[in-house]
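Subject: Structure for you to look at

Hello,

I am passing on the structure we talked about, and below it I have written out what was found, so that you can follow each point on the model yourself. Please keep it open beside this message as you read.

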Amino acid sequence: MADHAPVAVATDEPLLSYLDGATGERTDLTAQQVGAWAARSAGLLRDGCGLCPGDRVAVLLPPHWRTAAVLLGAWSVGLAVSYRPRATAGLPVLEPGADRPYDAVFVTPERLDDWLEDVPEGTHRYLVGTAPRSLTEVPVGWLDWSAEVLRHPATPPDHHAVRAADPATPDGTSYGEWGALAHEVASQLGLRAGDRLLVDAGEHEQPLKWLLAPLSVGASVVIHRNLAADRLAAERVTHVL
C-alpha cells in the first residue's frame, strides 16, 4: 500500500502457497505470478467493470491465493475494499454506504447459497471458486471470476498512482494507515524478509494478518486447510499465526 510497498522476494521460491489436505490441492505462486494474477484482477475491475479510484468493492472470500489476487488487484487501482469474511446472519454491515449497491461484489458459491450470509448487492457480481476445478453452474446475474479474469493481461494496467491518504476501505481507513498497521502486525509477529508464515485458513481470515503483514516485510505465506502436522513440517515455516 502507499508509502509501505511490499518488499519483493528476490528468488524463485513461492511467495504464496495454498494447501488443502482434504482436496489435495496445492498451488505455489512466485512473487511474479502473484503480481500477474493481481494485474489481471486490476484489469478486470478497471477496464472490465469501468471502476475508478474510490469506488467500493465487497469481498466475501476466505484466505486463498485467488482472494489475494482479488484484493491486491483492487487495491492497486485505488478501490475501497470492504472485507467481510464471516456470515452476518442478516445483521447490518456497519460501514458508510452499506445500504446501497457496491460497485463490484466477490463471493464464493458456498457463501452465495448459505442462508446465514447477507450477500450485498453489486453492480458487477463475481463468483470466486476456491477449489481447483472450474465452476459448473453460475447463476443468472453472476460471472465466473476465473474465466473473466483471463480476458485481461498479466501486466498492470495504466492508472493514477495510489496516494497514501486515499481510502482503502469504505470506512475511510487510508492506504497509508493500512500500510502502517501491516508493518506493526509484522513487527509483533517478528516477521522479517525471507521468513515463511504458516496460516490456518479456518482461523485467521483478516487479510491484514495473513496477507498484508507478511508481504509488507518480504515474508512468504503458506495458507493451509486440513493438513496433518507431518505435512506442515515439510513447509520450512519460520513463524506460525
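This is a predicted model: local features need pLDDT of at least 70, side-chain atom pairs count only at pLDDT 80 or more; totals for chains, interfaces and linings use all residues.

Although R231 and L19 are 212 residues apart in sequence, their C-alpha atoms are 9.9 Å apart in space.

The next point concerns a pair of helices. The axes of helix α1 (residues 31-48) and helix α2 (residues 65-76) come within 7 Å of each other and cross at roughly 55°, and α1 and α2 are therefore described as oblique to each other. The crossing in which α1 passes α2 is right-handed. On the α1 side, the contact is made by V34, W37, A38, S41, A42 and L45, while α2 contributes W65, A69, V70, L72, G73, A74 and S76. Sorted by class, this contact of α1 with α2 has 10 nonpolar residues, three polar ones and no charged ones.

Finally, there are the cysteines. A disulfide is a covalent bond between the sulfur atoms of two cysteines. How many disulfides does a search of the whole structure find? The search finds zero. As for accessibility, C49 counts as buried because its relative accessibility is 10%, which is under the 20% limit, whereas C52, with a relative accessible area of 44%, is partly exposed.

Best wishes

Terms used
Residues are numbered from 1 along each chain as its sequence is written. Side-chain values use heavy atoms; hydrogens and water are left out. Axes are lines fitted to C-alpha atoms, for helices over the stretch in contact, and angles run from 0 to 180 degrees between N-to-C directions. Helices (H or I, at least four residues) and strands (E, at least two) are DSSP runs, numbered from the N terminus. Angles under 35 degrees count as roughly parallel, over 145 as roughly antiparallel, 65 to 115 as roughly perpendicular and the rest as oblique. A crossing is left-handed if the near helix is turned anticlockwise from the far one by less than a right angle, and right-handed if clockwise. Contact means heavy atoms within 4.5 Å. Ala, Val, Leu, Ile, Met, Phe, Trp, Tyr, Cys and Pro count as nonpolar, Asp, Glu, Lys and Arg as charged, and the others, Gly among them, as polar. A disulfide is a pair of cysteine sulfur atoms within 2.5 Å. Buried means under 20% relative accessible area, exposed over 50%, partly exposed in between (1.4 Å probe, protein chains only).
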